[in-house]
Amino acid sequence: QVQLVESGGGLVQPGGSLRLSCAASGSILSISYMGWYRQAPGKQRELVATITRGGSTAYADSVKGRFTISIDNANHTEFLQMNSLKPQDTAVYYCHARAGWVDYWGQGTQVTVSS
């Protein structure tokens, strides 16, 4: 089993920044890759960014150039640095990990971008 605990959400003004973190515990060595998803009210959960153990990253078109995903392998922690935030970035953000054939999810953290 893998446990994921998220933190770092909050309220920011448009153009502001936030950094989300996700601490993983449990069967860490079984994790193939990690990432971030988000879900806004009335919308499907969408992939925001992914990162592999080797550091390969991928981003949704809507966040390219603004968000950066990274991972601290020593501390088993994933980060999402969010810059130039827009109101449409408002959503609950979920940390995700793939271990074997099983998906694990964090509890979700609210990000609200509003003036």
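Mentor: Cys22 and Cys95 are both buried, that is, under 20% relative accessible area, where exposed is over 50% and partly exposed lies in between (1.4 Å probe, protein chains only). The model is predicted, so local features need pLDDT of at least 70 and side-chain atom pairs count only at pLDDT 80 or more, while totals for chains, interfaces and linings use all residues. Residues are numbered from 1 along each chain as its sequence is written, and side-chain values use heavy atoms, leaving out hydrogens and water.

Trainee: Why is the link between Cys22 and Cys95 called a disulfide?

Mentor: The sulfur atoms of Cys22 and Cys95 are 2.0 Å apart. A disulfide is a pair of cysteine sulfur atoms within 2.5 Å, so the 2.0 Å between Cys22 and Cys95 meets the definition. A search of the whole structure finds one disulfide.

Trainee: What makes the link of Cys22 and Cys95 left-handed or right-handed?

Mentor: The angle about the S-S bond is -80 degrees, and the link is left-handed.

Trainee: Which parts does the pair tie together?

Mentor: Cys22 lies in strand β3 and Cys95 in strand β9 (residues 91–99), so the pair ties together parts 73 residues apart in sequence. Strands here are DSSP runs (E, at least two residues), numbered from the N terminus.

Trainee: How do you know that β1 and β3 pair?

Mentor: Two strands pair if DSSP finds at least two bridges between them. Six bridges join β1 and β3 (residues 18–26) in the antiparallel sense, so the pair meets that definition. Val2 stands opposite Gly26 in β3, and Ser7 opposite Ser21. Strand β3 also has six bridges to β8 (residues 77–82), again antiparallel.

Trainee: Why are β1 and β7 called edge strands?

Mentor: The open, antiparallel sheet has four strands in the order β1-β3-β8-β7. β1 (2–7) and β7 (67–72) each have a single partner strand, so one side of each is left without a neighbour in the sheet.

Trainee: Why does Ser21 count as buried?

Mentor: Its relative accessibility is 17%, so Ser21 is buried. Ser21 lies in strand β3.

Trainee: What makes the pair of Ser21 and Ser7 side chains a polar contact?

Mentor: A polar contact is a pair of N or O atoms within 3.5 Å; within protein, one must be able to donate a hydrogen and the other to accept it, and residues adjacent in sequence count only if both atoms are side-chain atoms. The two side chains make this contact at 2.8 Å, so the distance is within the limit.
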